[in-house]
Amino acid sequence: MSDALVGDLIPGRVVMDQRGEQIELSHDVASPRAARAFVSRVLQGWGVNGTGIERFQLLVSELVSNAVLHGAGTIQISVSERALNAAVVRVAVRNEGHGQPVMRHAERNDLSGRGLQLIDELSQRWGSDAADGHTVVWFEGDPRPA
């Protein structure tokens, strides 16, 4: 089987092929817009509509903006289903760089510094990994309307 969430094949156990799509974007200020369009297209293709898509667009835009500001090289975005019927979707953004994201507590008049707070508030969970000169920041959530 391909990249699948399978585990051991036990009679009566559900085996799910994981759906997922990826895109590579240039390190450019236009990349957040392209990321929003990509996430929208993927989720709509999976039958998701409404405010969940808008929330995921906002969150991926924040991660890609951070990759443009703090990283280097191309930006890779993956969207993968983590539970049946798009009940949990993971969006991961990978770029060149060693840094780990740090959540700031922006002051009222600060023009930046709220992106990871949005990720923290609007996703079910998020995290980051750094290895081999790359950083991956991801979030998970249910994009379906409540």
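Residues are called buried under 20% relative accessible area, exposed over 50% and partly exposed in between, using a 1.4 Å probe and protein chains only. His70 is exposed by this scale, because its relative accessible area is 66%. The structure is a predicted model, in which local features need pLDDT of at least 70, side-chain atom pairs count only at pLDDT 80 or more, and totals for chains, interfaces and linings use all residues. Residues are numbered from 1 along each chain as its sequence is written, and side-chain values use heavy atoms, with hydrogens and water left out.

His70 is placed in helix H2. Helices (H or I, at least four residues) and strands (E, at least two) are DSSP runs numbered from the N terminus. The C-alpha atom of His70 is separated by 9.3 Å from that of Pro101. Along the chain, His70 and Pro101 are 31 residues apart.

Helix H2 spans residues 51-70 and also holds Gln57. Gln57 counts as buried because its relative accessibility is 19%. Contact is taken as heavy atoms within 4.5 Å. Neighbours within four places in sequence aside, Gln57 is in contact with Arg36, Val39 and Ser40.

Helix H1 covers residues 31-45, 15 residues in total. From first C-alpha to last, H1 reaches 21 Å. This is close to the 21 Å expected at 1.5 Å a residue, where the expected span is 1.5 Å times one less than the number of residues.

Just after H1, Gly47 takes a positive phi of about 85°. Asp132 has a positive phi of about 50°, although it is not a glycine. Most residues other than glycine have a negative phi. Asp132 lies in the loop between strand E4 (125-131) and strand E5 (134-141). Asp132 is exposed, because its relative accessible area is 74%.

The structure holds six salt bridges. A salt bridge is a side-chain nitrogen of Lys or Arg within 4 Å of a carboxyl oxygen of Asp or Glu. Arg82, Arg90, Arg125 and Glu140 are linked in a network of such bridges. Arg82 and Glu140 meet through their side chains at 3.7 Å, N to O. Arg82 lies in the loop between E2 and E3 and Glu140 in strand E5, so this pair ties together parts that are 58 residues apart in sequence. Arg82 is partly exposed, with a relative accessible area of 32%. Glu140 is buried, with a relative accessible area of 7%.

The side chains of Glu140 and Arg90 form another salt bridge, at 2.8 Å from N to O. This pair links distant parts of the chain, with Glu140 in strand E5 and Arg90 in strand E3, 50 residues apart. Both Glu140 and Arg90 are buried.

Glu140 also forms a salt bridge with Arg125, whose closest N and O atoms are 2.8 Å apart. Glu140 lies in strand E5 and Arg125 in strand E4, so the pair ties together parts that are 15 residues apart in sequence. Arg125 is partly exposed, with a relative accessible area of 45%.
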